[in-house]
Amino acid sequence: METSSLIIFALLLPLVGALIISRLDSMPNVREVFTLLTSTSLLVVVIALYNRLQDGQTEAFVVAEPFAGLTISFALEQLGMLFALVASSLWIVTSIYAIGYMRAHHEKHQTRFFALFAVAISAVMAICFSNNLLTLFLFYEVLTLSTYPLVTHAGTEKAKKSGRVYLGILMGSSIGLFLFGVLLVWFYAGDLTFAQGGVLSGKLPEHLALPVYALFVFGIGKAAVMPMHKWLPAAMVAPTPVSALLHAVAVVKAGVFAIIKVTLFIFGPDFLQESGANHWLIWFPMLTILLASFIAMTKDNIKERLAYSTISQLSYIVLGALLANSLGLLGASMHIVMHAFAKISLFFAAGAILVTAHKTKVSELSGLGRKMPFTFAIFLIGTLSIIGLPPFGGMWSKWYLALGTLEFSGPEFTRWALLGTLMISSLLNIAYLGAIPMKAFFGKLPEGSDKTIKEAPLPCLIGLAVPALICIYLFFSPEPFFSMAQQAVSSGQ
Amino acid sequence: MTDYILGHINYWIIIILMMVGLYTMMSKPNLIKKMAGLSVFQTGVILLYISFGKVTGGTAPIVAEGFDTYSNPLPQVLMLTAIVVGVATTALGFALIVRIQEAYGSIEEDELEKMDDET
Amino acid sequence: MIHEQLSVLLVVIPLLAAPITAMFNKLSWSWLITLLVCASCCFFSAWLLMDVANGEIIHYELGGWAPPWGIEYRIDALNALVALIVCIIALCTTIYSRKSVEQEILPYQHGMFYAAFQLCFLGLLGITLTGDIFNVFVFLEISSLASYALIAMGKNRKALTSSFHYLVLGTLGATFFLIGVGLAYAATGTLNMDDLAAKLPLVENIQMVHTAFALIIVGLALKAAIYPLHLWLPNAYSYAPTVISIFLSATATKVAIYVLIRCLFNVFSLEYVLTTWLPQIMTVLGAVAILYGSVRAIGQTGMKKMLAYSSVAQIGYMIMGIGFLSQQGLTASIVHLFNHALMKGALFMAAGLYIYRVNTATFENLKGMGREMPYTFFAMLIAALSLIGVPGTVGFVSKWQLINAALEQQQWGMVVIILLGSLLAIVYVWKLVEVLYFQSAEKIRVQGVESGSERIGSSPLGMTSAMWILALACIYFGFNTELTLGTAGTAVDLLFSAGGTK
């Protein structure tokens with residue numbers, strides 16, 4: 001099969017799946033089987049595409065040409081493939097988990113949920129394989145629109161308000177800032193195709209590099225750089241599987257993926273370093289890391305704490321991208337993978353706690369670890385990976401980020417500030433994330449607590465175990481992600 | 001000066017007519033008076049065209065023995081069309097006024113606005 | 001030879017059919033005749049467009065009398081595109097109209113309604129196709145008079161006052177246009193547009209040319225509802241019968257903007273326009289219209305009025321594009337002319353479907369209707385996203401083109417305003433979406449309507465299919481822009497090559 005047809009197949013498969021799933025309202029078991037079938041097939045297709053990529057098939061193919069010289073086109077590329085593998089593998093895991101969760105929680109409109117999920121994944125696949133900024137922008141918007149009904153799934157007044165914040169910030173930033181940036185790139189460079197070394201060097205006057213780059217960093221609201229971060233905690237009103245996949249993996253990762261792509265293939269690290277665009281901008285992800293960690297410490301609601309943790313971790317990736325050197329970008333790309341697996345275990349654990357013990361606050365978790373040891377063990381694994389300790393995969397991304405910081409080409413003061421941020425935030429991670437398993441295992445069970453609390457349902461447990469085990473596995477063997485990230489970063493030099 | 005005014009007296013009268021019509025249309029609240037103003041305004045325009053077409057010493061643009069200077073027939077023909085349009089507009093306007101009277105009971109614009117704002 | 005006659009057929013067929021339609025008072029017969037007329041006109045205008053798409057210009061002399069003495073129809077890419085969109089909208093509206101007219105128009109008026117509809121249609125087509133400027137006035141008045149009558153057929157008594165208000169302002173505008181034409185005629189002695197373009201630069205009395213220009217522009221601005229001359233539009237579109245709202249909102253103002261473009265380029269030449277303040281005025285007024293229209297739309301409590309104010313904003317986009325007076329800007333305006341007709345047509349059709357089902361379009365009474373009528377809601381959503389300018393829809397194509405035009409002229413402020421317009425559109429579109437989808441359906445209070453019946457059970461097929469045709473066109477032309485951008489490009493090339501070729 002032609003590679004182009006295979007790519008189209010990867011995009012259409014979740015959509016077709018969504019269509020069929022939406023018709024299966026009356027047969028829930030068949031519907032769940034179908035969801036699993038679609039997600040498994042998608043992973044198979046993505047792996048097939050991965051093999052094609054390793055064979056060197058990287059030609060772009062054009063789907064439509066709305067404007068002269070501007071196309072909607074797709075191509076296989078290392079970084080996109082990395083993201084695609086992560087997203088498609090985690091879709092299977094999330095589907096398994098979601099089936100258990102939604103049934104245990106007796107959620108309404110489950111069909112709508114699974115169908116829209118598939119549509120969102122289709123948009124993510126399209127983002128992964130985009131070959132130019134226009135295609136990326138198009139499917140970025142499609143992703144926002146297709147996840148909006150997932151965020152407002154509950155249909156309550158609170159959900160509606162959160163939906164408004166979600167849409168307002170994401171669409172406002174993308175149309176007001178991101179689109180502006182895309183237009184300026186088109187205006188100056190005359191080309192929006194992702195290319196090695198970027199398209200802007202020599203075309204954009206150096207003093208304009210900072211404002212245009214800022215348009216992208218803030219315009220890509222899904223990367224949640226402060227002040228564009230409010231939508232993430234607002235979106236926590238959604239059911240946990242939605243929060244988990246979309247906000248720990250797909251939606252936010254699409255944002256940071258877009259930032260890395262723009263950095264590598266539109267601006268080019270060399271151009272950024274020469275123009276010094278990143279020297280001032282890098283303070284924003286830095287401050288976001290610290291501020292978000294501080295706020296996370298004050299939050300008692302587990303999901304809100306995890307949301308702010310995500311904001312903080314996303315800024316690690318943005319920081320890595322803004323370092324504009326190969327080590328930093330390598331660390332950023334690796335962190336996409338590591339954080340995805342770690343965060344999703346944390347969210348799943350939080351969901352399991354909600355469903356079985358009906359607890360949503362950290363203060364209520366005292367001693368619960370002894371009742372639900374498996375769940376909290378997973379939580380511990382995720383926490384340690386995020387903190388960056390061996391033997392968990394998160395160590396590698398933190399390692400390369402730190403190395404990248406040492407090579408930062410900007411002012412000396414900024415470099416020290418960056419190192420300091422990395423160290424302080426690791427400590428803060430221990431404080432706000434580590435406190436949870438600590439409390440659960442070593443705290444005392446409150447008086448009169450429910451004796452009948454058991455472990456989470458089995459599908460949830462499987463969903464919990466897989467990403468956590470992958471976190472451990474990735475420490476020992478970060479392939480194939482590591483080599484993909486390396487190739488992507490070195491090709492962009 | 002006198003040449004400027006008296007020599008172009010027809011245009012001055014036409015402009016005054018147009019202004020009178022416009023003013024009536026804008027300031028009078030009664031709908032029928034508005035239509036009257038509109039009519040006067042359109043009449044002014046018709047006279048304007050005809051004035052354009054008049055050739056000094058020319059006669060009516062109908063071929064006749066003994067005359068060799070004719071006024072320009074084209075504006076007169078165009079204005080026949082415009083008169084028809086004006087008639088149709090006036091008729092339609094009055095039909096609307098009748099319906100408005102039936103529906104609202106009044107044809108004063110301020111009263112109509114008040115009634116519209118209430119609903 | 002046949003090609004030239006196509007242009008006059010487009011006007012003659014509805015002209016002959018209109019009195020026949022008036023004779024039949026049965027809805028099904030009138031509807032059928034109108035449908036056949038619109039379908040054949042659609043077919044002919046598509047044929048015409050294919051002929052002129054390569055830049056050729058077709059001339060048809062009425063009665064065989066040669067211009068500049070005789071009236072001629074002059075078709076080039078710009079005309080043909082506008083004629084095509086008018087025909088498409090008329091066809092879709094006719095498909096839509098059967099059940100809607102049955103519900104909203106009194107039975108004894110059905111034949112008259114369709115007759116007046118065809119007269120309005122032929123008036124708009126006549127304006128688009130003709131090459132004689134007085135002929136433009138005549139057809140302008142034909143279409144306007146027909147639309148005054150059609151608007152007055154609305155159920156609410158406010159339709160009468162809105163129609164009267166529109167009559168007064170519309171006639172005022174047309175009369176200004178007429179005075180301008182008279183002055184131009186007095187200066188040059190000709191009424192043919194090509195001839196005027198050749199003779200106007202030679203006129204010595206420049207005051208006369210200035211006055212003629214100003215009067216023509218103001219007259220057309222009144223008809224095109226350019227801010228601040230837009231006051232008739234919100235009421236006229238909200239209280240008119242649904243079918244008329246759809247048809248007029250998608251075509252009437254567009255045709256007036258077409259005449260504006262024609263007068264700016266093919267009558268008064270580009271060099272002349274550049275010596276006036278008009279380009280800057282248009283850009284500024286366009287910007288103000290965008291902001292004003294969007295902000296007013298946000299504050300509305302009814303769907304139709306909100307869409308009407310949104311139209312004012314969209315017309316602002318077109319005017320801004322013209323004001324740039326560059327190839328890119330003009331292309332953006334022409335493309336937006338086409339695209340907006342599709343978007344607004346689909347949106348008003350959705351509003352009409354809600355009115356058909358529950359007799360009302362105020363937000364208070366539309367709560368939760370989106371869940372009861374998912375197909376309508378989804379089509380409306382596509383058109384609404386197009387209004388915002390989400391990529392993948394036609395709205396994005398026009399916005400992209402317009403912003404590129406602004407960037408080309410280094411008008412950063414205008415870029416910001418255009419983006420701001422999109423952001424404001426998100427607000428009012430989302431208000432609509434939230435009301436329709438999130439709130440729970442309540443008991444309906446029906447206001448000021450004699451029938452006041454209960455809710456009707458299902459949406460008619462004709463209405464839904466017409467709406468979906470337009471909604472899908474919104475997506476299709478967002479990807480395949482060969483027809484819209486391609487033809488607009490040819491049209492703009494013709495407009496910019498000075499002097500109007502024969």
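This is a predicted model: local features need pLDDT of at least 70, side-chain atom pairs count only at pLDDT 80 or more; totals for chains, interfaces and linings use all residues.

Trainee: How do you know how confident the predictor is in chain C?

Mentor: By pLDDT, which runs from 0 to 100. Chain C averages 88, and 95% of its residues score at least 70.

Trainee: Where in chain C is confidence lowest, and where is it highest?

Mentor: Helix α15 (residues 369-372) of chain C has the lowest mean, 76. Helix α5 (residues 133-151) of chain C has the highest, 94. Also look at residues 448-453 of chain C, where pLDDT stays under 50. For that stretch the model has five contacts beyond four places in sequence.

Trainee: Why is chain A called as compact as a globular protein of its length?

Mentor: Start with its make-up: 20 helices and two strands. The globule rule gives 23 Å for 493 residues, and chain A has a radius of gyration of 21 Å, close to that value, so the description holds. Its C-alpha atoms fill a box of roughly 70 × 55 × 45 Å along the principal axes.

Trainee: What makes a residue of chain A count as buried, and how many do?

Mentor: The cut-off is 20 or more other C-beta atoms within 10 Å of its own. In chain A, 59% of the 493 residues count as buried. Of the contacts in chain A with a separation of 6 or more, 81% join residues 24 or more positions apart.

Trainee: How do you know what chain B looks like against the globule rule?

Mentor: A compact globule of 119 residues would have a radius of gyration near 14 Å. Chain B has 20 Å. Its C-alpha trace spans about 65 × 35 × 15 Å along the principal axes. Chain B has five helices and zero strands, in the order α-α-α-α-α. Buried residues make up 25% of the 119. Residues 24 or more positions apart supply 41% of the chain B contacts with a separation of 6 or more.

Trainee: What makes the crossing of α13(C) and α17(C) left-handed or right-handed?

Mentor: The test is how the near helix is turned from the far one: anticlockwise by less than a right angle is left-handed. α13(C) passes α17(C) in a left-handed crossing. The angle between helix α13 (residues 303-324) of chain C and helix α17 (residues 394-408) of chain C is about 35°, and their axes are 10 Å apart.

Trainee: Which residues meet there, and of what class?

Mentor: Y317(C), M320(C), G321(C) and F324(C) in α13(C) meet S398(C), L402(C), A405(C) and A406(C) in α17(C). The classes are six nonpolar, two polar and no charged residues. Gly counts as polar.

Trainee: How do you know that chain C touches chain A?

Mentor: Contact needs C-beta atoms within 7 Å. In these terms, 22 residues of chain C are in contact with 18 of chain A. On the chain C side, α17, α18 (412-437) and α19 (461-479) each supply at least two residues. α18(C) has the largest share, seven. That side divides into 14 nonpolar, seven polar and one charged.

Trainee: What makes up the contact of chain B with chain C?

Mentor: It takes 26 residues from chain B and 22 residues from chain C. On the chain B side, α3 (31-53), α4 (73-104) and α5 (109-118) give two or more residues each. α4(B) gives the most, 13 residues. By class, the chain B side has 18 nonpolar, five polar and three charged residues.

Note on methods
Residues are numbered from 1 along each chain as its sequence is written. Chains are lettered from A and ligands numbered from 1 in the order in which they are written. Helices (H or I, at least four residues) and strands (E, at least two) are DSSP runs, numbered from the N terminus. The radius of gyration is taken over C-alpha atoms; the globule rule is 2.2 Å times the number of residues to the power 0.38. A residue is buried if 20 or more other C-beta atoms lie within 10 Å of its own, exposed if 12 or fewer, and partly exposed in between; C-beta atoms are placed from the backbone. Two residues are in contact if their C-beta atoms, placed from the backbone, lie within 7 Å. Axes are lines fitted to C-alpha atoms, for helices over the stretch in contact, and angles run from 0 to 180 degrees between N-to-C directions.
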